[in-house]
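Hi there,

Here is the structure I promised to pass on to you. Please have it open while you read the notes that follow.

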Amino acid sequence: MSVEVKWPKYAWINGKIVEWDNAKIHVFSHGLHYGTGVFEGIRGYYDNGYIKIFRLEDHMKRLFKSAKIIHMQIPYKLDDLIKAVIDVVKANGFTNDIYIRPIAFRGLGSFGLRAQNPVDVAIIAVEFGKYLKKTGVRCTISSWRKPAADSFPIYAKVTGMYLLYHLASLEASMNGYDEAILLDSDGFVAEGSGENIFIVKDNTLITPPTYDAILEGITRDTVIKLAREELGLVVIERRIRREELYTADEAFFTGTAAEITPIIEVDGRPIGNGQVGTITEKIVKLYNDVVLGKIEKYRKWITEVKII
Ligand code: PY5
C-alpha cells in the first residue's frame, strides 16, 4: 500500500522540537548508506480532546532492544524518548488519529562499514488513517523469502531489513494484490510485509512462533492476550504450512499500521467463504475498544496526551 501523508508542523530531532522543514540529516549519514538504523511504528487515536497512544512503553522498549542487537547505543534514556513522543504529539496538536515513527540511526562520521558513528534520533508523528483495507485484503505469497534466523537479526526492527519488505510489497501490488505474505527459509508461512499473520482453524487461532523468522509484534501479543482472556479462544504458536493458510477458516494480519486486517483471499483461493470471518470480526471490535481505552483492564496500555 502507498500511504498519503499530510505533513505535520513539527518533528523532534536530537533533543529538540523543530519545524518540519528543518528536520534534516546529512547525505553522508551511515544509516542512509548501510541501513544501520532501528525504528518503531506506534499509533495514537484521537478521542475527545486526547491522543491515546497505544503501548508506547512497549514500543520504546523494543526500540532499545533492536538497538542493542545491532551494537547501537541510543544517546537517550527510555523515559526521555517517551517524553519526546508526548512533546511532539502535543506540539502538533493533532485532532485526528496519528502514527508515530521513532527512529535512531548512525549519522555522520566515517563511511567504513564497521564505523560506530554517533547516533541520530528522531521522532516523527503524522496524521494517519487506515493502512490496509478493513473489508479484507487479497494477498499473494511473495517470491521473496524471509532470511533464516541465523542470516539476519530478524528480531530487531532494523531499517536495512525493510528493503526486503519494500520489494515484497511492491511485487504484490505490481501483480494486482493488496499485500504480500512471505514464507520463511524452510517454506513455512512467516508474516506479511509489515504485519504478523494468524489463521483460524476450528475456532483455534494459530500463528507462527516467535522463535521463527518473524518480528515479535506488539499487536500480535495484544491479540493473543485478548483472544485468550476475553474470547476464551485457544491460541497455538506453531509453524503454518502454505496449504493450511489456503484452507484456513479465517485469516488476518496484525500490526500497528495494519491493526487487525482480514485476509479474504490468498493466491486466488478465497479464505473460508471469502468474507470477513466471525472470529476476525470479534477481534477487530475488541481491539478497537481496547485502543480507545474502553476496557478498564487494558487501560494500562494507553498513554493519554491532552490536546489543548
Ligand atoms: N512484522 C513486520 C515485518 C513489521 O514491520 C511489523 C510492523 C509487524 C510484523 C507488526 O508489529 P507490531 O504489531 O509491533 O506493529 N510494521 C510497521 C508498523 O508500524 C510498519 C512497517 C511499514 O505497523
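**Around the ligand**

The ligand is surrounded by 19 residues, and the closest are Tyr99, Tyr162, Glu191, Thr219 and Thr256. Please keep in mind that this is a predicted model.

By class, the shell around the ligand divides into 6 nonpolar, 9 polar and 4 charged residues. Domain 1 (10–127) and domain 2 (137–291) each give at least three residues to that shell. As for secondary structure, at least two shell residues come from each of helix H4 (162–174), helix H5 (218–229) and strand E14 (250–255).

Which side chains have a polar atom facing up to the ligand's own N or O atoms? Here are three you can look up on screen:

- Glu191 has a polar side-chain atom 2.6 Å from a nitrogen atom of the ligand.
- Arg62 has an N or O atom in its side chain 2.9 Å from an oxygen atom of the ligand.
- Lys157 has a side-chain N or O atom 3.2 Å from an oxygen atom of the ligand.

On its own, the ligand has 520 Å² of accessible area, and the protein covers 93% of that. The space that the ligand takes up is the largest pocket.

If you want a place to start, go to Glu191, which is among the closest residues to the ligand, and then look at the side chains of Arg62 and Lys157.

Happy viewing, and write back any time!

Best wishes

How values were computed. Residues are numbered from 1 along each chain as its sequence is written. This is a predicted model: local features need pLDDT of at least 70, side-chain atom pairs count only at pLDDT 80 or more; totals for chains, interfaces and linings use all residues. Side-chain values use heavy atoms; hydrogens and water are left out. A residue is near a molecule or strand if one of its heavy atoms lies within 4 Å of it. A polar contact is a pair of N or O atoms within 3.5 Å; within protein, one must be able to donate a hydrogen and the other to accept it, and residues adjacent in sequence count only if both atoms are side-chain atoms. Accessible areas come from the Shrake-Rupley method with a 1.4 Å probe; for residues, only the protein chains shown count as cover. On a 1 Å grid over the protein atoms alone, a cavity is a set of points where a 1.4 Å probe fits but cannot get out, and a pocket is an open set with protein on both sides within 12 Å along at least five of seven lines; lining residues have an atom within 4 Å of a point. A molecule sits in a cavity or pocket if more than half of its atoms lie within 2 Å of its grid points. Helices (H or I, at least four residues) and strands (E, at least two) are DSSP runs, numbered from the N terminus. Ala, Val, Leu, Ile, Met, Phe, Trp, Tyr, Cys and Pro count as nonpolar, Asp, Glu, Lys and Arg as charged, and the others, Gly among them, as polar. Domain bounds come from an automatic or database domain assignment.
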